[in-house]
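Grab a pencil and have a look at the protein below. The exercises that follow walk you through a few side chains, one step at a time.

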Amino acid sequence: MHTHTHTHTGGRIPQRWIFAIMGFLALFNAYAMRVCLSITITEMVRTPETEAPSDNGCSAMEEDRKVVNTTRSTNNAQQYEWDGMMQGIILSSFYWGYVVTHLPGGMLSEKFGGKHSLGLGILATALFTLITPIVVEFGEATGLIVMRVLMGLCEGTTFPALNAMLAQWTPPEERSKIGSLVFAGAQLGTVFANSLAGIILHYSTMGWPAVFYVFGSIGVVWFLLWLVTCYNNPDTHPFISEKERNFLRERMHAHTHKKPPSVPWRHVLRSVPVWALIAAQIGHDWGFFTLINDLPKYMSKVLKYSIKSNGLLSALPYLTMWLCSVVTSCLADWMITSGLMSRTNVRKLGTTIASLGPGAFVVGASYAECDRTTVVIMFTVGTTLMGTFYPGMKVNALDLSPNYSGTLMALVNGIGAFSGILTPYIVGVLTPNEYLSEWRLVFWIVFAVFVVTNLIFVLYASGEVEYWNDPEFIRRDREERRMKNGKGQKVEKPLP
């Protein structure tokens with residue numbers, strides 16, 4: 001008996017937590033490489049020398065005027081004449097590729113395990129990040145767009161592959177905690193990218209190319225660690241303790257099966273909770289992508305923050321969002337296990353706070369005009385509240401179907417990612433002059449999207465396992481359909 005406890009705790013971290021940490025770092029890297037362009041593009045674009053403050057812009061801050069002049073002169077990197085529209089296209093091009101590889105990524109991960117579809121995707125993204133400055137030098141905007149589309153194609157497998165692995169590694173009672181730890185890599189990667197990119201741009205003599213070299217290298221290092229530490233499931237893991245393997249086997253056998261039948265698309269696409277989750281994801285992505293892609297632009301063009309303060313201030317909201325997701329995830333697991341609230345209602349509550357809160361605060365920020373402190377506080381509080389998305393709709397695909405969570409995440413995240421294509425483009429079209437009034441309309445649209453999508457989720461979402469997750473049900477269902485077809489009878493549609 002004594003030896004058993006020893007194998008589990010004798011200085012060994014359980015392998016599911018090592019996977020959780022490496023999964024967290026996977027998203028951390030994926031987002032750092034994706035997001036570093038949002039800050040860097042403000043330095044890649046040449047700004048006109050004399051900018052008369054318009055009736056709608058804020059005047060530059062005194063200490064920043066000095067800073068701006070010093071950074072410009074030491075920095076010998078090439079700058080480009082890209083207007084707002086072109087910048088919008090560049091920022092959205094990542095998502096053109098990203099949308100495409102979600103479903104194949106999810107299905108491959110379910111068939112062969114997520115380890116390689118995740119690892120190779122991030123390695124390839126890192127390599128494209130490393131060569132970005134060289135490509136931009138020769139191909140300017142077109143070259144950058146091509147690089148970003150390729151990075152998107154590689155990163156599209158990230159969430160589906162992680163979800164397929166989470167389904168193999170997380171017992172139900174630790175799902176909110178482990179899931180939120182892994183998904184938090186997105187916020188902290190954003191924090192890291194924004195603050196570090198701001199610092200690199202401020203101090204590096206090489207200028208903006210340095211940002212791509214740093215983030216690309218970190219991605220390559222992560223891949224090498226991932227290869228040796230993580231495996232598709234507990235059964236194939238060489239270093240896992242017998243005790244942990246048995247614990248996971250016993251906790252997961254009810255809903256996570258080794259070789260489930262192929263995806264029951266007919267049932268998935270008819271599932272109301274799945275569509276409710278897709279709606280919530282669209283809302284989340286619309287708000288999140290608008291902030292992640294365009295907050296640095298707002299800070300630099302409207303509030304006239306210097307690049308260094310811009311990086312740190314654009315990073316702050318994601319740090320507090322992460323803290324919020326950690327606290328509320330533990331709270332969510334506790335509320336569910338103590339029977340205080342049903343899993344379904346916990347998911348709905350989390351999603352509602354994360355939709356209405358940010359929507360209201362972001363709009364409020366645009367009415368604070370040039371009061372920089374209030375604006376930063378409003379953005380920070382609003383984004384912080386988005387942290388409850390994690391114990392809300394982010395882990396919901398795992399609730400609905402552990403067996404098909406990779407495909408489900410691919411479907412949900414893939415459709416949501418279309419807002420990543422739309423939002424930078426819409427911002428480019430609506431804010432040609434970077435006026436405050438133009439940005440206010442952008443933030444009102446975010447609020448409206450949040451309200452509508454959240455309403456759909458509250459009405460139709462579920463936290464329970466769907467009937468079509470059960471392999472027996474699918475086999476019977478397919479058998480019956482085959483029999484009917486075989487006898488040459490007309491197959492009747494089941495009543496809704």
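**Exercise 1: a pair across the sequence**

Arginine 266 and aspartate 477 form a salt bridge, with their closest N and O atoms 3.0 Å apart. Work out which helices the two residues sit in, and whether aspartate 477 is buried or exposed.

*Solution.* 
- Step 1: recall the rule. A salt bridge needs a side-chain nitrogen of Lys or Arg within 4 Å of a carboxyl oxygen of Asp or Glu. Side chains of opposite charge can pair when their charged atoms come close.
- Step 2: Arginine 266 belongs to helix H12 (residues 265–270) and aspartate 477 to helix H22 (residues 471–486), so the pair ties together parts that are 211 residues apart in sequence. Helices here are DSSP runs (H or I, at least four residues), numbered from the N terminus.
- Step 3: check accessibility. Buried means under 20% relative accessible area, exposed over 50%, and partly exposed in between (1.4 Å probe, protein chains only). Aspartate 477, at 15%, is buried, whereas arginine 266, at 24%, is partly exposed.

A word on the ground rules: this is a predicted model, where local features need pLDDT of at least 70 and side-chain atom pairs count only at pLDDT 80 or more, while totals for chains, interfaces and linings use all residues. Residues are numbered from 1 along each chain as its sequence is written, and side-chain values use heavy atoms, leaving out hydrogens and water.

**Exercise 2: a threonine in a helix**

*Solution.* 
- Step 1: accessibility. With 9% relative accessibility, threonine 453 counts as buried.
- Step 2: contacts (heavy atoms within 4.5 Å). Leaving aside residues up to four places away in sequence, threonine 453 touches Ala279, Ala280, Ile282 and Gly283.
- Step 3: its side chain. The side chain of threonine 453 reaches the backbone oxygen of valine 449 at 2.8 Å.

Terms used
A polar contact is a pair of N or O atoms within 3.5 Å; within protein, one must be able to donate a hydrogen and the other to accept it, and residues adjacent in sequence count only if both atoms are side-chain atoms.
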